[in-house]
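Me: I would like to learn how to read a few local features of a protein model, one at a time. Could we go through them together, with the general idea ahead of each case?

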Amino acid sequence: MPTDADLAAVERARALLQAMADRLGEAGARDEALAEHVVPKPFLGIPRRPTMRSLGRAWRLGALLLARDGSVWQTGISTRVTEPGRPQFHSASVEQRRAYRAAALQGRFPMGETVNHGVRPIPLDESLVGGPSPLVVEGGAALVRWGTDAPVPLERYLDDLADLLLHPPQGA
């Protein structure tokens with residue numbers, strides 16, 4: 001059962017995410033495409049090529065993808081749109097990445113675009129309390145789990161990663 005402090009932390013998290021989305025939008029920070037990998041059903045028994053359907057755009061902030069409307073997604077797979085090339089029958093992972101590039105092209109994403117797929121929306125509600133997503137509320141504080149490090153307070157996490165988008169390192 002969420003406490004009042006936990007519910008207040010969820011509201012603070014929602015406000016922090018919206019404020020950061022506004023800040024990144026005003027600064028013109030580089031965003032990336034969000035997509036759903038779709039394998040269409042065969043038509044008249046003829047298989048059709050997989051594609052990617054656009055879900056919008058978001059800024060990559062480590063384990064989170066932040067959309068302009070303040071909604072947040074859990075990262076999934078990132079694919080750079082390039083010519084997929086021909087099957088070479090290398091390892092299964094190489095062929096899977098080739099298939100994702102082909103699906104991104106089929107979805108009409110522009111060359112060079114970064115497409116994030118296999119993403120999951122993170123509800124900004126009381127399910128954050130003790131939840132399994134990278135964004136979690138524990139002890140009345142909004143935290144982000146990223147890698148094996150201890151959870152980081154959301155505000156500090158957003159500031160650190162947004163700074164990289166707003167002031168990318170030389171040559172990045």
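Me: Which are the buried residues of α3?

Reply: A word on the source first: this is a predicted model, in which local features need pLDDT of at least 70 and side-chain atom pairs count only at pLDDT 80 or more, while totals for chains, interfaces and linings use all residues. Residues are numbered from 1 along each chain as its sequence is written, and side-chain values use heavy atoms, with hydrogens and water left out. Buried means under 20% relative accessible area, exposed over 50%, and partly exposed in between (1.4 Å probe, protein chains only); helices (H or I, at least four residues) and strands (E, at least two) are DSSP runs, numbered from the N terminus. The buried residues of α3 are L154, Y157, L158, L161 and A162. They cover an arc of only 115° around the axis (taken from the directions from the helix axis to the C-beta atoms), so they lie on the same side of α3.

Me: What do the buried residues of α3 pack against?

Reply: With contact meaning heavy atoms within 4.5 Å, the buried residues of α3 pack against α1 (4-27), β2 (51-61), β3 (64-67), β8 (135-138), β9 and β10.

Me: How is an aromatic pair read, and how many does the structure hold?

Reply: A pair of aromatic rings is described by the distance of the centres and the angle of the planes. Rings of Phe, Tyr and Trp (its six-membered ring) pair if their centres lie within 6.5 Å, and planes under 30 degrees apart count as stacked, over 60 as edge-to-face and the rest as tilted. The structure holds 1 aromatic pair: the ring centres of W146 and Y157 are 5.8 Å apart and their planes stand at 85°, so the pair is edge-to-face. W146 belongs to the loop between β9 (141-144) and β10 (152-153), whereas Y157 is in helix α3 (residues 154-166), 11 residues apart. W146 is partly exposed, at 45% relative accessibility, while Y157 is buried, at 4%.

Me: Where is L44, and what is its phi?

Reply: Most residues other than glycine have a negative phi, and most peptide bonds are trans. L44, in the loop between β1 (32-38) and β2, has a positive phi near 55°, and at 73% relative accessibility L44 is exposed. R108 also has a positive phi, near 65°; R108 is in the loop between α2 (92-106) and β6 (114-117).
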